[in-house]
Structures are given as C-alpha cells and as structure tokens.
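Visitor: I'd like to learn how to read a structure like this one, feature by feature. Could you walk me through it?

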Amino acid sequence: MIYFDNSATTQALPEVVDTYSKVSAKIWGNPSSLHNFGDQSFNLLEQSRKQIADLLQVNPDEIYFTSGGTEGDNWVIKGTAIEKRAYGKHLITSSVEHPAVHNTMQQLEKLGFDITYLPVDEAGQVSAADLKAAIRPDTILVSIMAVNNEIGTIQPLAEIAEVLKQYPKIHFHIDAVQGIGKGLHSEIFNERVDFVTFSGHKFHAPRGVGFMYSRRGRKLAPLLTGGGQEKNQRSGTENVPAIAAMAKALRLLLADEVQTNETEITIRRAIADHVKQFEKVTLFSQDDERFAPHILCFAIQGVRGETIVHAFEEHGIYISTTSACSSKKHMASSTLAAMKIPSDLSTSAVRISLGDQNTMAEAETFNQVFDELYTEFDKLS
C-alpha cells in the first residue's frame with residue numbers, strides 16, 4: 001500500500017499507540033479527583049502541556065486541550081463573537097478556509113454578524129492590502145489558515161501580522177492544522193498572533209484530540225461549560241491518554257522536521273515534474289515558497305476526481321479529491337472555486353498529501369501507475 005492522503009489523517013505511530021495504551025491501562029484516574037490516583041492523571045496532564053509548550057516555545061498556561069481542529073476553530077471564532085460582541089460584530093476570513101472555519105462564519109452570519117471573505121490570487125493567497133482595506137472600527141477577529149488543505153498554499157502570515165499590529169484589539173487566529181511540522185514555526189507563532197489551533201491526528205497522534213494556543217491576556221468565551229476544566233475555559237474530563245500520546249507525537253514530528261520537509265519536497269517535485277508533462281494535466285500546487293512541502297494538487301482534464309482516486313486505489317495507491325471533508329459529498333473544491341478555476345476542471349482535481357513515512361520509491365511507483373492510467377483515461381475520453 002502507498003498512502004498519499006496524510007492531509008486527511010495520519011497513521012498513529014507505534015510508539016504513540018504504546019503511550020496511549022500504557023496510560024489508559026495504568027493512569028486512568030480523573031485528573032480532577034482529589035485523591036492520589038487523580039493526582040497521577042493531573043500530573044501527567046500538566047507534563048504533557050509543558051512538553052507541548054516547550055516544543056512550541058510558548059508558556060504552558062497558553063496551551064488548552066481540545067478534541068481537535070474543528071472544535072478549536074469553533075471555539076476561537078464563536079468564543080470571540082460572544083466575548084467581544086459588545087465591541088463589534090464584524091469578522092474577517094479568507095475565501096479558501098477549511099469548512100471548520102467557513103461554516104462557522106456562515107453560522108454567525110445567520111446570527112447577525114457581518115463576515116468579510118477575502119479573495120485570493122491565482123496561487124490561492126490572500127492579500128495583506130485587501131485585509132487592511134477590509135478592517136472596520138467594529139472588526140473583532142481575523143481568522144486566516146496557515147496552509148490550505150486542498151492545494152497547499154501558505155498564507156502571508158507575517159504580512160498579515162504586520163497589518164494587525166496597528167489594530168491591537170482585533171483577535172488574530174491562525175488555523176495551523178496543516179501547518180504544524182512544515183517549517184513554518186516563526187510565521188505561525190509571530191508576535192501578533194493570539195490564537196492557533198491544531199489537530200493531533202494530522203501528525204500521528206490519535207483521533208479526537210487537539211490543542212489550542214491562546215496568548216496570555218486575550219479573553220475568549222468558553223463554548224463548553226460544566227466542571228470547569230482547563231481553567232474554566234473548556235469543561236469536560238480531559239482525555240489524558242490521548243493528550244500524552246499527542247505530546248509524544250509532536251516531539252517525534254518536530255525532531256525530524258527539517259529532514260522530513262526536504263524529503264517531502266523531493267517526492268512532491270518528482271511527481272509534479274512527471275505528471276505535468278502530460279497534455280491534459282493541470283497543476284494547481286506550484287514548486288515555490290508559496291506552497292507547503294507536502295501537498296500536490298492537480299487535475300486530469302475530462303476525468304472526474306473520484307474516478308482518478310478509485311483508479312489509483314485499484315493499484316494500492318491512496319490519494320484523495322481535494323478535501324476529505326467534502327470528498328464523499330462529491331463537492332467541487334471550494335479553494336479552486338475561489339481561485340476562479342472553471343468547474344469542469346476543478347471537479348477533476350485530486351490531492352496527494354505526503355508525510356514522513358513516504359519514500360522516493362513510492363513516488364516512482366506512482367509515476368509508473370500514472371502513465372498506465374493516463375493512457376486508459378485518454379482512450380476513454
């Protein structure tokens with residue numbers, strides 16, 4: 001099997017699963033309990049928080065645990081809307097966000113908030129100038145993703161941060177679900193960012209666990225109220241085994257970050273250079289600094305994306321259409337639509353997303369299979 005769908009989810013590493021299993025079996029007390037068994041869980045919870053904070057060079061009290069990226073995005077956006085509604089009801093985002101952001105913004109629109117969706121250029125990037133022009137006296141939040149999940153565009157976070165330095169009261173949120181471990185630490189954790197959201201299953205941790213960075217001094221209304229866990233900000237008994245496993249997964253990810261990124265770039269380039277030779281192939285991800293190292297999106301004109309996905313699957317190669325969240329709904333790429341790519345081409349788009357377990361040998365196999373399938377598709381069309 002060749003697994004090229006790491007942006008959808010990653011396989012939990014054996015050592016990460018081992019941590020999860022051991023903690024589940026031995027340290028299963030409630031971290032909020034007063035007795036020693038609860039203290040063991042609490043201490044491990046806080047050790048995990050400190051480890052994540054140290055890896056990201058932030059303070060432990062700025063890390064909050066969640067169920068993943070979707071909850072984190074909802075929490076920042078709705079939590080800001082609730083907390084700052086007396087000061088304004090205008091929020092700014094991009095037109096190429098993940099549904100966890102886009103659909104949350106649409107929900108707020110129905111509740112009377114005003115949302116600006118920034119346009120993007122031919123590479124899927126927003127403009128800092130457009131952002132500045134969109135800011136109003138009642139703007140309370142800017143939410144921009146680090147890396148686009150469909151074509152891999154890296155947004156100009158440093159330029160956006162520079163604009164927002166002039167507006168210190170506006171919350172600045174980055175969805176970094178696709179950006180973790182991709183050589184973007186300084187761009188993501190810039191001096192102006194207030195909130196950053198992450199999802200564990202994107203970097204070999206279990207599903208259903210994630211975390212959020214929340215800058216000291218920034219106020220955010222909780223979405224989950226109850227027992228007062230996470231300093232009264234996110235109630236619900238913490239999933240200590242998954243959190244400990246996620247801390248280990250993050251350590252392993254960042255330990256090999258540079259080498260992994262270099263390998264991903266080499267693999268992506270080998271595939272891109274091969275497929276772009278074919279007449280009916282259009283590349284949406286480019287080989288330059290505007291794009292993350294692990295995502296390659298392309299289309300074969302006249303062949304639907306799901307047809308391409310299933311054809312590769314028959315050869316044991318797993319890729320996806322442009323977003324796992326929309327693939328089974330047969331939805332066209334929202335990112336490509338925002339880039340004004342014609343629908344007959346965007347519905348042909350597929351995505352390869354690489355990880356640290358992929359190899360050049362797999363790229364060579366992919367290219368061989370691509371040649372065979374392209375010939376078949378060409379005959380059918």
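**Reading one fold, step by step**

Guide: Let's begin with burial. Alanine 245 has a relative accessible area of 0%, so this residue is buried. Keep in mind that we are looking at a predicted model.

Visitor: Which element does alanine 245 lie in?

Guide: Look for the secondary-structure run that spans the position. Here that is helix α9, residues 240–255.

Visitor: And what is alanine 245 in contact with, leaving aside its neighbours within four places in sequence?

Guide: With sequence neighbours set aside, you see what the fold brings together. For alanine 245 the list is Val16, Thr19, Tyr20 and Pro206. Take aspartate 18 as well: its C-alpha atom is separated from that of alanine 245 by 8.2 Å, though the two residues are 227 apart along the chain.

Visitor: Now for a helix pair. At roughly what angle do the axes of α10 and α15 cross?

Guide: For a pair, read the distance and the angle together. The axes of helix α10 (residues 257–275) and helix α15 (residues 360–380) come within 9 Å and cross at roughly 15°. Angles under 35 degrees count as roughly parallel, and that makes α10 roughly parallel to α15. As for handedness, the crossing of α10 and α15 is right-handed.

Visitor: Which residues of α10 and α15 meet?

Guide: On the α10 side, take Thr266, Ile267, Ala270, Ile271, His274 and Val275; on the α15 side, they meet Met360, Ala363, Phe366, Asn367, Phe370 and Asp371. Sorted by class, that contact has eight nonpolar, three polar and one charged residues.

Visitor: Let's zoom out. How many helices and strands are there in the chain?

Guide: The chain has 15 helices and 12 strands. Its radius of gyration is 21 Å, close to the 21 Å that the globule rule gives for 381 residues, so the chain is as compact as a globular protein of that length. Along its principal axes, the C-alpha trace spans about 70 × 55 × 35 Å.

Visitor: What share of the 381 residues is buried?

Guide: Buried residues make up 55%. And for contacts between residues at least 6 apart in sequence, 74% join residues at least 24 apart.

Technical notes
Residues numbered from 1 in each chain as written. Predicted model: local features only at pLDDT ≥ 70, side-chain atom pairs only at ≥ 80, totals over all residues. Heavy atoms only, no water. Helix = DSSP H or I, 4+ residues; strand = E, 2+ residues; numbered from the N terminus. Buried < 20%, exposed > 50% of the residue type's maximum accessible area, 1.4 Å probe, protein only. Contact = heavy atoms within 4.5 Å. Axes fitted to C-alpha atoms, helices over the stretch in contact; angles between N-to-C directions. Parallel < 35°, antiparallel > 145°, perpendicular 65-115°, else oblique. Left-handed = near helix turned anticlockwise from the far one by under 90°. Nonpolar A, V, L, I, M, F, W, Y, C, P; charged D, E, K, R; others polar. Rg over C-alpha atoms; globule rule 2.2 N^0.38 Å.
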